[in-house]
Amino acid sequence: MNIVVMGAQWGDEGKGKIVDYLASEAGVIVRFSGGANAGHTIVIGNDKYALHLVPSGILYPDKMVVLGTGMVIDPEALFGELAGLTEKGIDWAGRVLVSDRAHLVLPSHRRIDKEMEAGRKQPIGTTGRGIGVAYGMKSFRDGIRLADIDDPERLVNLEAEDRAFLDLYRDRLLEMKTDLVAFLRKRRNAYVLFEGAQGALLDIDTGSYPFVSSGMSCAAGAAAQGGIGPRGIDRVLGVFKAYTTRVGNGPFPTEFSDDSPGSLQAFIRDTGNEYGVTTGRPRRVGYLDLVALRYACAANSVDRLVLTHLDVYDELESFETCVAYRLRGKLIDDFPASIRDLESAEPVLRRFSGWKTSIKSTRSWEELPRQARDYVQFIEEFTETPVSLISVGSDRTQTIVRESPWTRS
Ligand code: GDP
Ligand code: IMO
Ligand code: MG
């Protein structure tokens, strides 16, 4: 059974926590997009892990994890991360594989990423990890895949610095090399989780272009770049927060304008610890945007939603959510492609009552306060998509399961 877990907003929805939670029942976890721009956090008791490249199933001692074909992998970042796991007592030897068709991020890519950002009149706010350049080189057909690194003819055009860099990591990378399509073909009956990075609105095609990342963070990315075909996907889970966050630049219709101490934005940022895992940047915050979420569901065949960070609203008297946009005097309820339109779109908000009690230790749907259930049910009706998991805290155990995604319907 193949389940895709993807972000349904602008990233940082809690994918790492959810993949880790579901991985207890999976045999293999394949990350299918992005690179070290991602930061996936997993909290188990007093231990906190921040993963950037390594798939989120690695913390279980018996799981195989694969860095998929759609990823762009910086070997320095990868081996740094693995060393960090070793320090925390995680034995990953023999359990981390890398698709031989995955592309590598080289020092020149990181440099050019920063130079291009500095030269842009409207910077994207990239993470500076060389991501867009590595994907660009891939499209130009000048990229370097893992399969190429022991083929001198494929490396002749590289700068000396990039070649020396590969020399440092070649042997260790080759030990992890795998043919992902063949690997999964031989495990047709396995339970496989496909872990997305970024989110639907940062996807190169369906996101808020050009303020996006450069990979396929859409569900289809799991098929094209995760080693299976589109009909191999059994279920798509879209992870979203009770509110919305965004790091980096670009339009964000429900963003709060007030960022002063004591504002709702400052409250949510502090309560939800909304600071980037990769860059430490404060995340921009706003209400949940149901127009954007419904668009993400439709563009990705999301058949189950996963709501996270519901606990962050615990203390609020009331809150709002966006159900339409007002654009040049007209009401619209579809997510526009035009950046100008998205920038001008004013959210039409609907108010909900808060529950004013802690739900952090709630473990069942029935125990949730009525106001919280009303909010979830409204989201389900608006998006026409059931919410099957609800996260009420960062810890692995702070999860409410309404329906296990591993159960075949
Ligand atoms: P990802 O990139 O989608 O994996 O998400 P990040 O790890 O970048 O950001 C999510 C942050 O929220 C992390 O600090 C998580 O530990 C935390 N988190 C995840 N789920 C919840 C939740 O339900 N409630 C709260 N309060 N925090 C959560
Ligand atoms: P996870 O997997 C949030 C954003 C950057 C920037 C834009 C382009 O943790 O959800 P890039 O360096 O990729 O060229 O930057 O994309 N971005 C993310 N925002 N979460 C992420 O990953 C992101 N990965 C990239 O902030 O706006
Ligand atoms: Mg993140």
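A residue counts as buried under 20% relative accessible area, as exposed over 50%, and as partly exposed in between. The exercises below apply to a predicted model.

**Exercise 1.** Determine how N273 is classed by accessibility, and where N273 lies.

*Solution.* Step 1: the relative accessibility of N273 is 44%. Step 2: this value falls between the limits of 20% and 50%, so N273 counts as partly exposed. Step 3: N273 belongs to the loop between α8 (264–271) and β13 (284–289). Step 4: its backbone has a positive phi of about 55°, although N273 is not a glycine.

**Exercise 2.** Decide whether E384 is buried or exposed, and describe its backbone.

*Solution.* Step 1: E384 has 73% relative accessibility and therefore counts as exposed. Step 2: E384 is not a glycine, yet its phi is positive, at about 55°. Step 3: the loop between α11 (370–383) and β18 (387–391) holds E384.

**Exercise 3.** Identify the protein donors of the magnesium ion (ligand 3) and locate them in the chain.

*Solution.* Step 2: D12 sits in the loop between β1 (2–7) and α1 (15–23), while G39 sits in the loop between β2 (28–31) and β3 (40–44). Step 3: the two residues are 27 residues apart, and the pair links distant parts of the chain. Step 4: G39 has a relative accessible area of 11%, so G39 is buried.

Terms used:
Residues numbered from 1 in each chain as written. Chains lettered and ligands numbered in written order. Predicted model: local features only at pLDDT ≥ 70, side-chain atom pairs only at ≥ 80, totals over all residues. Heavy atoms only, no water. Donors = N, O, S within 2.8 Å, 3.2 Å for Na, K, Ca; no water. Helix = DSSP H or I, 4+ residues; strand = E, 2+ residues; numbered from the N terminus. Buried < 20%, exposed > 50% of the residue type's maximum accessible area, 1.4 Å probe, protein only.
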